Amino acid sequence: MADILDFIPKDTTKVKLNHPVTGEILICDDGTEMFIEVYGSDSKRYRKIQADIARDRNNKRNQKLTPEQIDELVTDQLASCIAAWNIEYGGEKPLYSKDKAIEVLTEVRWIREQVAEGINDRAGFLQTAPIN
């Protein structure tokens, strides 16, 4: 018998980066797989980010956002949901920082899709106990 508590989501999971055309997993020069570790939509961190955005929008209720502002908001949200990474960017393996994540997500647009999909892929976050 299964118990719903057997399916407790982890806060983070690693999203392997795939080539945008071939789908192959991207490999760093040192032979390691490129990945971005993300907070999932069930995590406290994600829910806090969403609450902060809603609070901010409520405070600016009468202010319409431009498409550029919406894009910046989405980029900031995605960058805030990144916990760590192993990537090569500009010939280097940069350490994660929110500012660097915003730069990467702005310059390499296809990564945004993979990060967003990873955040919302609940199956990637489930720690399942054996079902008896």
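Of the 25 residues in the largest nonpolar core, which touch the most other members? They are Ile36, Val38, Ile87, Ile111 and Val115, where a nonpolar core is a set of buried Ala, Val, Leu, Ile, Met, Phe, Trp, Tyr and Cys residues joined through side-chain atoms within 4.5 Å. The model is predicted, so local features need pLDDT of at least 70 and side-chain atom pairs count only at pLDDT 80 or more, whereas totals for chains, interfaces and linings use all residues. Residues are numbered from 1 along each chain as its sequence is written, and side-chain values use heavy atoms, with hydrogens and water left out.

**Overall architecture**

- The protein chain contains four helices and five strands, these being DSSP runs numbered from the N terminus (helices: H or I, at least four residues; strands: E, at least two).
- The order of elements along the sequence is β-β-β-α-α-β-α-α-β.
- The C-alpha trace spans about 55 × 40 × 25 Å along its principal axes.
- Of the 132 residues in the protein chain, 32% are buried (buried means under 20% relative accessible area, exposed over 50%, and partly exposed in between, with a 1.4 Å probe and protein chains only).
- Among contacts with a separation of 6 or more, 62% join residues 24 or more positions apart; contact means heavy atoms within 4.5 Å.

**Nonpolar core**

- In soluble globular proteins, nonpolar side chains tend to be buried together.
- Of the 25 residues in the largest core, those touching the most other members include Val38 and Val115.
- Two or more residues of this core come from each of β3 (35–39), α1 (44–59), α2, β4 (82–86), α3 (98–107) and α4.
- Beyond its neighbours within four places in sequence, Val38 is in contact with Asp11, Thr12, Thr13, Val15, Cys81, Ile82, Ala83, Val115, Gly118, Ile119 and Phe125.

**Packing of α2 with α4**

- Two packed helices are described by the angle between their axes and the distance between the axes.
- Helix α2 (residues 67–80) and helix α4 (residues 109–120) pack at an angle of about 55 degrees, and their axes are 10 Å apart; axes are lines fitted to C-alpha atoms, for helices over the stretch in contact, and angles run from 0 to 180 degrees between N-to-C directions.
- The two helices are therefore oblique to each other, given that angles under 35 degrees count as roughly parallel, over 145 as roughly antiparallel, 65 to 115 as roughly perpendicular and the rest as oblique.
- The crossing of α2 past α4 is left-handed (the near helix is turned anticlockwise from the far one by less than a right angle; clockwise gives right-handed).
- Asp71, Val74, Thr75 and Leu78 of α2 make this contact with Arg109, Arg112, Val115, Ala116 and Ile119 of α4.
- By class, the contact of α2 with α4 has five nonpolar, one polar and three charged residues; Ala, Val, Leu, Ile, Met, Phe, Trp, Tyr, Cys and Pro count as nonpolar, Asp, Glu, Lys and Arg as charged, and the others, Gly among them, as polar.

- Helix α1 passes α2 in a right-handed crossing.
- This contact is formed by Arg45, Tyr46, Ile49, Gln50 and Ile53 of α1 and by Leu73, Gln77 and Ser80 of α2.
- The contact of α1 with α2 has four nonpolar, three polar and one charged residues.
- Helices α2 and α3 pack at about 125 degrees, with axes 9 Å apart, which makes α2 oblique to α3.
- Helix α2 passes α3 in a right-handed crossing.
- Thr75, Asp76, Leu78, Ala79 and Ser80 in α2 meet Lys98, Ala101, Ile102, Leu105 and Thr106 in α3.
- The contact of α2 with α3 comprises five nonpolar, three polar and two charged residues.

**Selected surface positions**

- His19 lies in the loop between β2 (12–16) and β3 and is partly exposed, with a relative accessible area of 32%.
- Not counting residues up to four places away in sequence, His19 touches Glu24 and Leu26.
- The C-alpha atoms of His19 and Arg61 are separated by 40 Å, at 42 residues apart along the chain.
- Asp29, in the loop between β2 and β3, is exposed, with a relative accessible area of 74%.
- Glu68 belongs to helix α2 and is exposed, with a relative accessible area of 53%.
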